2 protein chains.
Amino acid sequence: VEVGMRTLKLSRTYSCGGMEFSSLPLYDTSGPWSDPSFVIDPEKGLPPIRDTWSFWEGKSVVSTTATSSARRARKALDGGGITQMYFARNGVITPEMEYVAIRENQNLEQWISGFSRGSKKHIPVTPEFVRQEIAAGRAIIPANINHPELEPMIIGRNFRVKINSNIGNSALGSSIVEEVEKAVWSCRWGADTVMDLSTGANIHQTRQWILRNSPVPIGTVPIYQALEKVGGKAEDLTWEIYRDTLIEQAEQGVDYFTIHAGILREHLPFAEKRLTGIVSRGGSIMAKWCKANKQENFLFTRFEEICRILQAYDIAVSLGDALRPGSILDANDEAQFGELKVLGELTKVAWQFDVQVMIEGPGHVPLNMIEENMQKQLEYCHEAPFYTLGPLVTDIAAGYDHINSAIGGTLIASFGCSMLCYVTPKEHLGLPDRNDVREGVIAHKVAAHAADLAKGSPVAWLRDELMSRARYAFAWEDQFNLSLDPEKTRESHRSSMAASGRTDKNP
Amino acid sequence: VEVGMRTLKLSRTYSCGGMEFSSLPLYDTSGPWSDPSFVIDPEKGLPPIRDTWSFWEGKSVVSTTATSSARRARKALDGGGITQMYFARNGVITPEMEYVAIRENQNLEQWISGFSRGSKKHIPVTPEFVRQEIAAGRAIIPANINHPELEPMIIGRNFRVKINSNIGNSALGSSIVEEVEKAVWSCRWGADTVMDLSTGANIHQTRQWILRNSPVPIGTVPIYQALEKVGGKAEDLTWEIYRDTLIEQAEQGVDYFTIHAGILREHLPFAEKRLTGIVSRGGSIMAKWCKANKQENFLFTRFEEICRILQAYDIAVSLGDALRPGSILDANDEAQFGELKVLGELTKVAWQFDVQVMIEGPGHVPLNMIEENMQKQLEYCHEAPFYTLGPLVTDIAAGYDHINSAIGGTLIASFGCSMLCYVTPKEHLGLPDRNDVREGVIAHKVAAHAADLAKGSPVAWLRDELMSRARYAFAWEDQFNLSLDPEKTRESHRSSMAASGRTDKNP
């Protein structure tokens with residue numbers, strides 16, 4: 001397979017660990033959008049690169065389910081396995097596995113093999129290693145067979161730490177074109193996946209445009225759309241409406257679903273004792289449904305049926321933490337860890353269907369209580385990848401919650417969390433605009449990269465070494481280009497130099 | 001003594017742990033500047049509150065050293081002790097000790113006594129406890145007797161984590177009025193101390209204005225001014241020029257001096273093996289001097305004489321880490337830890353003269369190597385307070401280094417670092433402007449507060465609890481006022497609401 005990457009040309013040759021670098025291949029999430037030879041036309045969408053791999057022929061059929069999707073959706077042959085986990089367990093290396101192996105190495109196999117910090121020996125990622133990690137449930141490649149525009153990526157703690165950004169329209173918030181632009185915009189700054197949390201009108205069409213234009217996996221919370229279909233009344237939700245929503249989104253090509261199947265009626269009394277109750281939107285919808293209908297959460301009782309749907313399109317399930325703490329006082333409580341145990345049980349169920357699983361995590365957690373979250377998640381959830389929102393290490397950082405989240409995120413990722421959900425400066429205050437998205441993405445790129453360094457990633461260390469060599473040599477252009485936001489660093493330096501003429505003011 | 005505080009009125013009464021709060025006293029670093037009844041006149045300076053305590057009468061005399069300072073400087077009686085450490089060791093509680101005890105408790109003694117998390121029992125800070133910590137060298141109150149405008153504060157790991165901001169004019173960078181404004185500006189956002197790193201013209205007068213207008217301790221790096229006096233040629237520096245500079249600044253009222261006395265000739269070969277050599281400005285000045293003059297660092301050889309000067313004014317010494325790593329690859333190396341051991345020896349020397357000491361720390365350190373820094377500092381430096389720049393956990397976050405620094409800073413402060421030196425978004429790129437100062441200060445307030453929470457500070461936990469109660473109750477004004485930057489949160493919410501009408505977009 002051909003793997004998208006970006007090669008950064010350096011202004012000179014740097015010598016690192018006996019190797020010479022006059023350029024650096026970068027992990028690139030922006031897909032064709034940053035390719036100068038690509039003509040942007042959101043109405044046409046991106047080229048369907050995965051279709052050219054022809055891997056699905058004979059394994060899938062055109063779906064007969066009627067949907068409003070312009071594209072003809074495919075699904076697995078009846079009784080046929082089609083998920084990455086299915087193939088992995090059967091010893092098959094898919095093009096997606098090969099793709100992510102190449103991508104993780106960034107063409108730096110030689111550097112990786114020669115890298116040493118302490119006694120740890122490093123080896124490049126192989127497609128076979130990817131297969132093993134997926135087979136074991138320790139990593140996932142979210143890649144719906146109906147999202148052929150996707151450039152596959154892997155989420156797991158033995159790979160590069162990833163970040164997710166959220167977008168979402170609402171009646172007044174933003175238009176479809178704006179949302180597509182926002183999705184592309186966050187990938188440009190380094191978002192590895194995007195969650196479309198749209199509510200309100202045009203939800204189907206918005207998602208369609210985003211998917212057709214997205215080189216990264218798209219995740220959704222299907223209960224949001226199901227709720228729209230019942231006029232916003234949680235108590236009126238039914239399994240049938242939810243199921244049809246899953247299929248609708250599955251056939252559009254959504255790569256992973258957040259499903260709040262772990263919140264049970266037995267947890268509700270614990271949540272009621274909390275300072276901030278249930279702050280997860282999906283969680284409060286399901287809590288309301290359970291109470292009104294005096295029944296157990298249908299996402300839990302119907303979980304096997306859900307898995308059969310996910311299995312047919314290879315959609316990963318992101319098991320939502322409906323009971324994530326909304327304040328540090330509620331962190332690590334019975335409600336939270338009670339639900340986490342259920343998520344662990346559901347993980348085993350999903351794996352019976354070869355459905356790829358990740359687990360969502362908190363939330364608001366003081367720094368000293370973060371490690372316990374990671375330990376318990378590994379223990380309860382059988383090493384399925386962990387995907388956290390933050391954690392935010394204080395409740396009072398509104399306006400600066402992207403920093404707050406980056407602090408907790410760095411720590412938990414260094415302990416093994418696989419993906420960080422970004423938080424923007426508008427968290428707790430309002431809807432993010434373009435600049436908030438950029439600030440949020442970069443703050444979490446800092447966190448993810450810092451965690452990669454802490455974990456000893458050879459490719460992460462190389463970039464820092466090149467940056468420091470460029471800095472020591474006053475090679476400004478290389479410094480700008482090696483930074484996480486070349487536009488900002490270039491402009492920042494230019495304007496400051498124009499004003500003063502000095503560069504260093506530290507004692 | 002009367003202690004400056006700010007009382008935040010809440011829009012309703014919140015019940016926390018059986019107590020009712022309709023207001024919250026806040027720790028306030030802005031001094032009279034945020035007092036609406038105070039008329040601002042930078043030419044006159046702040047009222048000299050410490051003079052009214054009349055503690056120095058009979059213990060100090062008017063200095064006979066000629067300086068250009070407008071104020072008549074005082075110094076200790078010959079042979080008489082005057083430092084906080086001297087009094088602490090002799091069982092005397094000074095007004096400053098009483099002041100900081102009251103200040104740390106924020107009038108919340110009852111809440112503190114009733115607070116429990118886990119099994120830890122909390123007691124309010126007493127003046128006697130402050131005395132003991134200072135006597136043991138575990139905490140310092142930087143308070144030159146010639147800075148009567150100061151509102152005393154304490155730096156030590158059994159107290160609230162503090163932050164420092166840097167300001168500094170340069171020929172083209174900014175004017176004196178701008179620097180005074182910048183100093184006041186950073187205190188307004190929460191800076192606990194300010195370092196004046198000015199170089200170039202008007203250095204004496206700038207400092208004079210800053211001191212007369214500063215309610216927080218002012219620190220300097222005297223070697224910068226000494227270097228100006230020899231035309232910028234490091235090799236021409238002499239002990240006499242440096243000594244006179246110390247006295248000049250001492251009599252103006254500088255509260256602490258960064259002194260790079262720990263870098264020795266034996267360390268230089270280690271520094272030369274590094275990726276980024278010596279990045280500390282003071283460090284490279286002294287390295288250059290040692291090499292050119294083929295002599296040992298005079299700040300080291302004359303350290304006892306330096307202590308005699310500091311002792312006479314009660315100036316704290318901040319032992320500079322000339323060999324702090326400038327890249328993560330250089331972290332925790334022989335150069336860095338070799339110097340740290342020398343700083344530990346110098347700490348003992350300073351304590352012989354009852355001079356208060358803190359130790360400066362790195363720098364660029366990957367997350368997994370931060371804890372070792374704290375452990376070694378405690379071990380080598382006999383528990384003297386640690387004061388770090390970051391650490392920055394990656395080299396590639398230019399433009400976002402305030403976030404980078406807040407990440408490492410939170411972690412090291414949670415391990416016991418007492419004060420964090422702020423880093424602004426302009427780090428590695430240029431000189432910070434007003435907005436950079438604000439962003440840098442708040443990012444490190446987030447870090448310091450998050451560390452206080454991790455350490456179980458009852459007053460820190462109260463503020464978060466109130467914030468979360470206000471959030472749960474949609475009490476927007478209280479949320480704004482309880483946040484670290486009420487102006488930003490208020491404006492952010494207002495503009496976002498105007499655009500969309502929604503508040504919560506998390507899955």
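Which residue stands opposite A:Tyr387 in β16(A)? I looked it up: the residue is A:Met419.

Set-up. I am working on a predicted model, where local features need pLDDT of at least 70, side-chain atom pairs count only at pLDDT 80 or more, and totals for chains, interfaces and linings use all residues. Residues are numbered from 1 along each chain as its sequence is written, chains are lettered from A and ligands numbered from 1 in the order in which they are written, and side-chain values use heavy atoms, with hydrogens and water left out.

Barrel. I traced eight strands of chain A that close into a barrel in the order β9-β10-β11-β12-β13-β14-β15-β16, with parallel pairing. I noted an average twist of 25° from one strand to the next. Strands are DSSP runs of E, at least two residues, and helices are runs of H or I, at least four, numbered from the N terminus. Two strands pair if DSSP finds at least two bridges between them.

Strand β15. I checked residues 386-389 of chain A: A:Phe386 and A:Thr388 point one way, A:Tyr387 and A:Leu389 the other way, and all are buried (under 20% relative accessible area, 1.4 Å probe, protein chains only). Three bridges join β14(A) to β15(A), and A:Ile359 stands opposite A:Phe386. β15(A) also pairs with β16(A) in the parallel sense over three bridges.

Crossovers. I found a right-handed β-α-β unit in β14(A), helix α14 (residues 370-380) and β15(A). β15(A), helix α15 (residues 401-415) and β16(A) make a right-handed unit too. Right-handed means that, with the strands pointing away from the viewer, the path from the first strand over the helix to the second runs clockwise.

Key. Axes fitted to C-alpha atoms, helices over the stretch in contact; angles between N-to-C directions. Buried < 20%, exposed > 50% of the residue type's maximum accessible area, 1.4 Å probe, protein only.
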